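Trainee: I would like a close look at a single part of this structure, followed by a connected account of the elements around and beyond that part.

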Amino acid sequence: MRRRILATAIIGQAIAFSPPALSQTQDAVENAGQNTLESLRAAAEAIDPLAEAAKSEGAWSAYLEALEAQDGPAEEQARALNRIGDSRYYQQKMAGALASSLEAERRLVAAGATGGEIMAETLSNMAAFYTGVGQPEKDVPLQQRSLQIRNALYGYDPERVPPADAKPLGLGYLNYAVALYEAGRFGDAAKYVDPAIKGLVRGGMTDSTLFVALSSGANIYIDAGRQIDALRLARQGVAKANELLPADHPFHGFAQATLAKVLLQAGRYEEAEQPGRNALDIMTERLGPTHRHTLVALHNLGVVQMRLGQYDEAIALMLARHERLTEIDPGEAVNSLLSASNAALEAGRDDEAMQLALKGASLARELPAEDEKALRGLLTLALRYNENGETDAALGVIEEIETRASITGIEPSIDVAALRGLSQIRAGQAGGWEMVAKARAQIVDRMIEDASSFELGADLENFYEPIMQIAEAAIVSGRANDALDAFELASWGVNARARQLAKLRHSQFDKPELAADIEKLRGGTARLRLLARERSAMLAAGRSEAIGQVEGEIQDLERSVAGAEAALRKALPEFDMSRRPADLSIEAVQSRLGLDEALLIVMPARHRMLIMAVTAETVTMKVGPWGRPSVRPLVERLRRALDAGEGADTFPVDDAKELHDLVLPADIAATLNGKTLVSLVTGDALSRLPFSALLASEPGHQKRDFGAMDWLVRHHAFATVLSPSAVLGSTHKGGNAQRFLGIGSPATLNEAPTGDIRGALETAEELRSLPALPASREEVQLAGRASGARDQVILVGADATEARLRRLAEDQYGVVLFATHGLMEGELGGLKEPALVLTPGSQMGGASDDGILHASEIAELGLSTRIAILSACNTAAGRSHAAPAYTGLANAFLASGSERVMLSHWRVQDEAATQLSVEFVKRLREGLPHADALRHSQLAMLEGGANGGSANPARWASMVLIDGR
């Protein structure tokens, strides 16, 4: 071992769990009769310094004493001193470790041996140990000197040197990467991770250093913004640990913890659960329940369980962490209580949430005034008071926060400003709206800044709740325009960011001369975001001397990005609009609505339901006393029933009626009365259920009949829009109504009939055994004929490849229909985004013709069509209620050039999918608007299947229309 960082230092601190006495080492050596220098060294090398640090120190000390007695070579004495330093490091004897490496350097200098491998490892150890004693500024220079020696000895490419040289070269890269990372230079550190791993693997390393490198590299990649690379290394770490380490080796826990952390940060909570649980079990057993890394694993698993809606376990995990941390780290103990309070609130346990918040605030008040965790503890209590309607109490706590902040010169957070404004408005105090407006301006600035990074992940998590407070303040104040503006912010962040880069890159199809500026903007802004994180890390670490170089690069990149922006702004009139929320007014919306149209906005917040209905004549706003804890269980029960296709006697009709009343209370329903076409904006769990399957009235107590029930589809045709401003979209009809493209019945499958559900499997190896879809071939052919298009292109079987689709995407279409399997992210091993299954092409096509059409590939197709129909499973919302609404495939097709997308919410049966899609296309041919065509198609199935059959909403209600014009 040379250098330990991140997980390395973590592991080093963690594994001194049962150090044997030095006399045991000496006895073992003597009993074996090993009295020569060679046997002493061999005995020392056989001991794992991570797992048996004290025993390792004793063995290397015995070897050093024998060397000194025989006046052995200085290089060997330095080697022994370095290994003693390693062992002391793992016992947290930092001063002793540094003294050992300094003595090694002194002996090498005295002997003139300053250009060899032993000097390189000595410098590397010195760097690590200086950091351990509080002198981190010496880290990077020493590691750089060490790497320079190794480059002079072995070269630069670990894959082009003998294995014996690749190993120390890989160590040099690893140590330097970690030093850069600890200095806050994340991007620079990431450059050295792959050569480090390649060198260690080529060098045949199989001890703990390899696993430390994999885990450390994954952490470096996370902070460098390279999530895919982080996941690759984290998975490799787990695989290597399973392959090479004994079952009880402690690194199994760290490997699992790293994988769980990467998946958690990527929002892949279902995948993160098992490695998170494994990590906690292993660390609890090997490190003890109060070790700080056991506590990190405890926290991460609690977060995962909360995201998955497993609130009881989440709360138990967070409270267990609180109990263990109260004496060790009161600030983190506060955080655990706050997390538990939030989980209790999401579970609908308001009293418990309040008690936990009170306990957290009490502990927070004992922390120093400048402690951010103390401010967070108080803010959570203020939120609980506000949610319970105790406005005066909330304002009192906010004043306490502001007093603490003023003492230390800290600017109160956006959350504080939004909450104060809302509380003042509710209390009838002056100045409330000014505070709300201030919070709104700060949020917009932050969102626009984030949007320039072109990252494709959801970005709204930090803003959603304060934005909902702004919307609530506007509704309470009767400010309809400001409420509409807040709803635009709430929906703009998640969906606009996800489509933005793809839309901009799509401009290259029409104007290829823009490609260089688009890439300059994309790459430059991503690099600027990274440099900003690095600068913050350097400041936090007190490394002001290193900031100058970063500042210079930031200035150069800002000039380059500004030039690219100017060029794109000139060439693309819509460029600025894509990078900021739209300016919106009630008057503008009403001017676009016909007499039979309405805009409905339903946003579930943590403790409120915020609703707005806009028609050409009126506006109705509502703050309902029901938030996510009320909505999510109803949605989940309905989803389970719809997934299972339950009969009328067992279908949860009461839930369907209750949810209707939550999202459409009487005054909102009255505003929508007689409005056939409704544009819907919603989020969270509500994005996982079509409103058409809600019940407008009780079905009665006689024998229930699906066909006779008062489904909401009987009253309205819904088209989901991704933000309120979408209703201002162009009315121009693109595409070509006389061209139809149908893709179905992919030939990836074994053709033996295996059922008729269009689903997805669990592992990549099962891709070729996906069930055949015999009806999908007929579906695309029938839909093509129903469209009446003069030009009908049908791709089925061996023709349904990505390569064929890309060639055909150059044309314009009225309808494009995909009748195939839909995959959600994570459902196949390594699948990082939603996808559609096609036929694998030739091996020459590589990943671009592998039969899995990813969302990112769809976005770049340039597929111009009036509507894309995805007659496949689960293609609408994400895998859980925490997933952003309608991102993924919907955004990909909209970005590609589709004006609208029709997607499914749950598993689709072949026969039902065929009936619905063919009927829908037929209605379009008759001239009905898309939303009305879907409604009439659903009504035809509903009214044509008495006593079950196609009247079951599991069959007719699965599809949802996304209008992206």
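In which sense, parallel or antiparallel, do β14 and strand β16 pair, and over how many bridges?

Mentor: This is a predicted model, and what follows should be read as a description of that model. Strand β14 and strand β16, the latter spanning residues 959–963, pair in the antiparallel sense, and 5 bridges connect them. Within this pairing, Val901 has Ile962 of β16 as its bridge partner. β14 also pairs with strand β13, residues 864–870, but here the two strands run parallel and are joined by 2 bridges. Val901 takes part in this pairing too, as the bridge partner of Ala868.

All 5 of the 5 residues in β14, residues 900–904, are buried, so the strand is largely enclosed by the rest of the structure. In a regular strand, side chains alternate between the two faces of the sheet. In β14 both faces are covered, with Arg900, Met902 and Ser904 buried on one side and Val901 and Leu903 buried on the other.

Strand β11, residues 835–837, runs antiparallel to β12 and is joined to it by 3 bridges, and Leu836 stands opposite Leu853 in β12.

Among the helices, α24 covers residues 464–476, and its 13 residues reach 18 Å from the first C-alpha to the last, close to the 18 Å expected at 1.5 Å a residue. Helix α24 is mostly covered, as 12 of its 13 residues are buried; among them are Tyr464, Glu465, Pro466 and Ile475. Just after α24, Gly478 adopts a positive phi of about 75 degrees.

Turning to charged side chains, the count of salt bridges comes to 57. One of these joins the side chains of Glu323 and Lys359, at 4.0 Å from N to O. Glu323 belongs to helix α17 (residues 311–325) and Lys359 to helix α19 (residues 350–364), so this pair ties together parts that lie 36 residues apart in sequence. Glu323 counts as exposed, at 54% relative accessibility, while Lys359 is partly exposed, with a relative accessible area of 42%.

Another salt bridge links Glu387 with Arg384, whose closest N and O atoms are 2.7 Å apart. These two residues are 3 residues apart in helix α20 (residues 372–387), and are therefore separated by about one helical turn. Glu387 is buried at 9% relative accessibility, and Arg384 is buried as well, with a relative accessible area of 2%.

The side chains of Arg714 and Glu943 also meet in a salt bridge, at 3.3 Å from N to O. This pair links distant parts of the chain, 229 residues apart, with Arg714 in the loop between β4 (677–682) and β5 (717–720) and Glu943 in helix α37 (residues 930–943). Arg714 counts as partly exposed at 25% relative accessibility, whereas Glu943 is exposed, with a relative accessible area of 55%. Finally, salt bridges that share partners join Glu346, Glu465, Arg628, Arg632 and Asp684 into one network.

Key
Residues are numbered from 1 along each chain as its sequence is written. This is a predicted model: local features need pLDDT of at least 70, side-chain atom pairs count only at pLDDT 80 or more; totals for chains, interfaces and linings use all residues. Side-chain values use heavy atoms; hydrogens and water are left out. Buried means under 20% relative accessible area, exposed over 50%, partly exposed in between (1.4 Å probe, protein chains only). Helices (H or I, at least four residues) and strands (E, at least two) are DSSP runs, numbered from the N terminus. Two strands pair if DSSP finds at least two bridges between them. The expected span of a helix is 1.5 Å times one less than its number of residues.
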